[in-house]
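Keep the 3D view open beside you as you read.

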Number of protein chains: 2
Amino acid sequence: MHILVLGGAGMVGRKFIERLARDGGLGGKPVTRVTAQDVVPATPPAAAPFDFESVVSDLSLAGEAEKLIATRPEVIIHLAAVVSGEAEADFDKGYRINLDGTRYLFEAIRHAEGYMPRLVFTSSVAVFGAPFHEKIEDEFFTTPLTSYGTQKAIGELLLCDYSRRGFFDGVGIRLPTICVRPGKPNKAASGFFSNIIREPLNGEEAVLPVSDQVRHWHASPRSAVGFLVHAATMDTAAIGPRRALTMPGYSCTVAEQIEMLRKVAGENVVKRIRRETDPVIDRIVAGWPRNFDPQRALALGFRAESNFEEIIRVHIEDELHGTFVK
Amino acid sequence: MHILVLGGAGMVGRKFIERLARDGGLGGKPVTRVTAQDVVPATPPAAAPFDFESVVSDLSLAGEAEKLIATRPEVIIHLAAVVSGEAEADFDKGYRINLDGTRYLFEAIRHAEGYMPRLVFTSSVAVFGAPFHEKIEDEFFTTPLTSYGTQKAIGELLLCDYSRRGFFDGVGIRLPTICVRPGKPNKAASGFFSNIIREPLNGEEAVLPVSDQVRHWHASPRSAVGFLVHAATMDTAAIGPRRALTMPGYSCTVAEQIEMLRKVAGENVVKRIRRETDPVIDRIVAGWPRNFDPQRALALGFRAESNFEEIIRVHIEDELHGTFVK
């Protein structure tokens, strides 16, 4: 089985490929080849039992998608995207990569005769725009308030129409905020949700820029990879034509995040969180969804963590070899 | 004031331009010029107090939108579209006209410096796909089951994002089924809703292919024109970022349509309806929305008929000079 991962150099793509290497297969079938496409080279996974190839290309250029699917990968994981902040700052780039790039891919598959891959499209809860219900239902409408959310919502619509037409077998998954995100602190407005866990566990100080009553929607990187695996292997007959699914996650306040950090790592670690309110971040975060009722995804077998303690323990296991700075 | 009507040769476009000619103005401002663009020539309105120009062009060709907005029309009414059946039969054509054409228009406006027109985008209740609630609320999600509905839903998303960014001042209006549609019977699956009124009033037989318990969502051509006028002139500050609105209409069964025809025109006219069930049409119609709860549009001042008798009387007044074949 050949798997193509678009955006394969990113955090979720890399972790998905590492899991394939560990599992050796996908859905009970051996994986023989993985192609990781991105705008920068993707790191090969350790000890992979399959051929691994890194392709550096720009999916938003005409003809590039055709090259990537020329060998007919059975599964395509489409993670390639310009992130929210960049799509808002650079209107042209956001539409070129997130919309045109996605359409080039879908069109290339449509024109490839006798080809019908499973296509997993990663969307985002940014397809929802405030005001929304405290707990957003599966049938709530998509009225994004960013260009990124707009582009993801359009991608979902195209995914459903191309799937309905039988051009490919698509599954759209709306990822929660991924927490704890590994790596260095970044300037994303959502960064602090991860920073206040990751940095203290590393012995470093982290800034909490909002009230600890702020509620948000989380899943671990391990769960995100699990969503991809399930979306790539599930029986799509059960989905029907509404192929964009809000993934499960865990909703909690910052206070609960901190309480669980205290439980797992102790008071010394929690003391490394410094409160310094940032009104700009506070205002941005106030417009974000806080909770979901993802009944369809749960019924279709998608699973995430059911408490924040578990999310912290996954981070310590997967990123810190089971230990941290006390 | 210069008004550009894209798709100006169609039934709704023609009636809108005729109303402009009768009113002489729009929103209290005199209309000095109307440009009607379409793939076929548009008929000039009778006794228009403004310059009228018919432009035959294909909006889906690069560069055509730029030409149309070169003189900076203050209001753009975007009705140009490939209809549902054709968009389903010809995938490429539907996306080219309904999606690419719309994007070319939006992009041309974005790149026109210092230009900020009111843009009215006509969408459709085809953005909804079964199963839905018996009475579809304003916050119900858009999961179209046709390529046409997909293209309209994408147009709505783009309209909102371009408006939010300040590139133009957009209003999206989802039209009900227009009834009584003037002209000859056509092969559209929805045609019978109009045929069973129009043909008997003309002294002709009409076929009813479904049960008279079928419920549907109607507004007259006069109301459709009223929606365009209101969308072109309303204060958009009241809309907020969710600029796609389900228009008001009147929901009734075929039995009620027939009962009102009897009340308005008498038993002799009703006798010209012949029942001949067509299982194909019956199945198509079963997947259509039956009723809506368009609270937002009503609160924003959009108005339609409040009973089917009124819809029949509008037809007799506007199309039949107040008379019919008894």
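α8(A) is followed by A:Gly266, a residue with a positive phi near 95 degrees. This is a predicted model, in which local features need pLDDT of at least 70, side-chain atom pairs count only at pLDDT 80 or more, and totals for chains, interfaces and linings use all residues. Residues are numbered from 1 along each chain as its sequence is written, chains are lettered from A and ligands numbered from 1 in the order in which they are written, and side-chain values use heavy atoms, with hydrogens and water left out.

Helices (H or I, at least four residues) and strands (E, at least two) are DSSP runs, numbered from the N terminus. Helix α8 of chain A covers residues 254-265. Its twelve residues reach 16 Å from the first C-alpha to the last, close to the 16 Å expected at 1.5 Å a residue; the expected span is 1.5 Å times one less than the number of residues.

Which residues of α8(A) are buried? They are A:Val254, A:Gln257, A:Ile258, A:Met260, A:Leu261, A:Val264 and A:Ala265. Because these residues cover an arc of only 160 degrees around the axis, they sit on the same side of α8(A). The arc is taken from the directions from the helix axis to the C-beta atoms. Here, buried means under 20% relative accessible area, exposed means over 50%, and partly exposed is in between (1.4 Å probe, protein chains only).

Helix α5 of chain A (residues 147-164) has 18 residues and spans 26 Å between its first and last C-alpha atoms, close to the 26 Å expected. α5(A) is mostly covered, with 17 of its 18 residues buried. A:Gly166 follows α5(A) and has a positive phi, near 85 degrees.

**Salt bridges**

A salt bridge is a side-chain nitrogen of Lys or Arg within 4 Å of a carboxyl oxygen of Asp or Glu. By this rule there are 56 salt bridges over all chains.

| Pair | N to O distance | Residues apart |
|---|---|---|
| A:Lys15 and A:Glu319 | 2.3 Å | 304 residues |
| A:Glu134 and A:Arg290 | 3.3 Å | 156 residues |
| B:Arg243 and B:Asp169 | 2.9 Å | 74 residues |

Where do the partners A:Lys15 and A:Glu319 lie? A:Lys15 is in helix α1 (residues 11-23) and A:Glu319 is in helix α12 (residues 308-319), so the pair links distant parts of chain A. A:Lys15 is buried at 12% relative accessible area, while A:Glu319 is partly exposed at 26%.

A:Glu134 belongs to the loop between β7 (118-124) and β8 (136-137) of chain A, and A:Arg290 to the loop between α10 (279-286) and β16 (292-293). A:Glu134 is partly exposed at 46% relative accessibility, and A:Arg290 is partly exposed at 25%.

In chain B, B:Arg243 is in the loop between α7 (221-233) and β13 (244-246), and B:Asp169 is in strand β9 (residues 169-175). B:Arg243 is buried at 12% relative accessibility, and B:Asp169 is buried at 14%. A network of salt bridges also links A:Glu88 with B:Asp161, B:Arg164 and B:Arg165.

**The nonpolar core**

In soluble globular proteins, nonpolar side chains tend to be buried together. A nonpolar core is a set of buried Ala, Val, Leu, Ile, Met, Phe, Trp, Tyr and Cys residues joined through side-chain atoms within 4.5 Å. The largest such core has 72 residues, and A:Ile69, A:Leu119, B:Ile69 and B:Leu119 touch the most other members. Setting aside neighbours within four places in sequence, A:Ile69 has contacts (heavy atoms within 4.5 Å) that include A:Leu4, A:Ile76, A:Leu105 and A:Tyr115.

**Backbone details**

Most residues other than glycine have a negative phi, and most peptide bonds are trans. A cis peptide bond joins B:Ala130 and B:Pro131, with omega about -5 degrees; B:Pro131 lies in the loop between β7 (118-124) and β8 (136-137) of chain B. The bond from B:Cys179 to B:Val180 is also cis, with omega near 5 degrees.

A:His321 is not a glycine, yet has a positive phi of about 50 degrees. A:His321 lies in the segment after α12 of chain A and is exposed at 77% relative accessibility. B:His321 likewise has a positive phi of about 50 degrees and is exposed at 78%.
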